[in-house]
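Please consult the sequence and coordinates shown below while reading.

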Amino acid sequence: MKIVFATKNKGKVNEVVKIFNTDKIELVTMEQAGIDIDVVEDGTTFEENAEKKAVEIMKASGEAAIADDSGLEIDFLDKQPGIHSARFLGHDTLYSIKNAKILDMLKDVPEEKRTARFVCAVCLALPDGRIIRSKGTLEGRIGNKITGENGFGYDPIFFIPEKNCYSAELSTEEKNKISHRGKAMAEMREKILEIL
């Protein structure tokens, strides 16, 4: 089954190809499918944004399309940046700047109030009109520093108590086993294999 992945984020593509890891699913990028459109993410939830992206790319390609919308919810900041995680401080702002800003916003906040989670909603839109969904979360807290060389986005400030390290200190394989995207995509992989 050929599926177009509705993202231009190479980090996401690399993660998901490893999670799917089956010859029954051929995951192609938008670039490989010859699609260069920007879907406006104007939904009010991760689920709405994922569905909008998947449906628009499915219509543009004529193939099944999968999309995710994910982000960081920080409880102390009323679950911000949330659905605006990628656009926090502007779309083209480097994550090193975004991460530094969040640490500054939480400067004097005690550890127990720094709870946060990564959320990932995944949607598969099929040409026959079916919509299939999955969701995953990873609980943790915002650390006090930027650390780690792996991952991308907010991984360098996201501390995972059960692993006693930052998300950016995990290997891709370790991260995929526990991450919000890993959980949501693994669930989606099983749902796709059931369809097949």
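The buried residues of α5 pack against β1 (2–5), α1 (10–20), β3 (64–74), β5 (115–125), β6 (131–142) and α4 (172–178). The model is predicted, and the values reported here are computed from it. The buried residues of α5 are His180, Arg181, Gly182, Ala184, Met185, Met188, Arg189 and Ile192.

The length of α5 agrees with expectation: because each residue should contribute 1.5 Å, the 16 residues should span 22 Å, and the end C-alpha atoms lie 23 Å apart.

Arg189 belongs to α5, which covers residues 180–195.

Leu94 is located in the loop between β4 (80–81) and α3 (95–105). Together with Leu89 and Ile97, Leu94 forms a nonpolar patch on the surface, and the three residues share about 280 Å² of accessible area.

| Residue | Relative accessible area | Class |
|---|---|---|
| Arg189 | 19% | buried |
| Leu94 | 56% | exposed |

Arg189 counts as buried because its 19% relative accessibility falls under the 20% cut-off. Leu94 is classed as exposed because its relative accessible area of 56% is over 50%.

Terms used
Residues are numbered from 1 along each chain as its sequence is written. This is a predicted model: local features need pLDDT of at least 70, side-chain atom pairs count only at pLDDT 80 or more; totals for chains, interfaces and linings use all residues. Side-chain values use heavy atoms; hydrogens and water are left out. Patches are made of residues with over 30% relative accessible area and no salt bridge: like charges are joined within 9 Å, nonpolar side chains (Val, Leu, Ile, Met, Phe, Trp, Tyr) within 5 Å. Accessible areas come from the Shrake-Rupley method with a 1.4 Å probe; for residues, only the protein chains shown count as cover. A salt bridge is a side-chain nitrogen of Lys or Arg within 4 Å of a carboxyl oxygen of Asp or Glu. Helices (H or I, at least four residues) and strands (E, at least two) are DSSP runs, numbered from the N terminus. Buried means under 20% relative accessible area, exposed over 50%, partly exposed in between (1.4 Å probe, protein chains only). The expected span of a helix is 1.5 Å times one less than its number of residues. Contact means heavy atoms within 4.5 Å.
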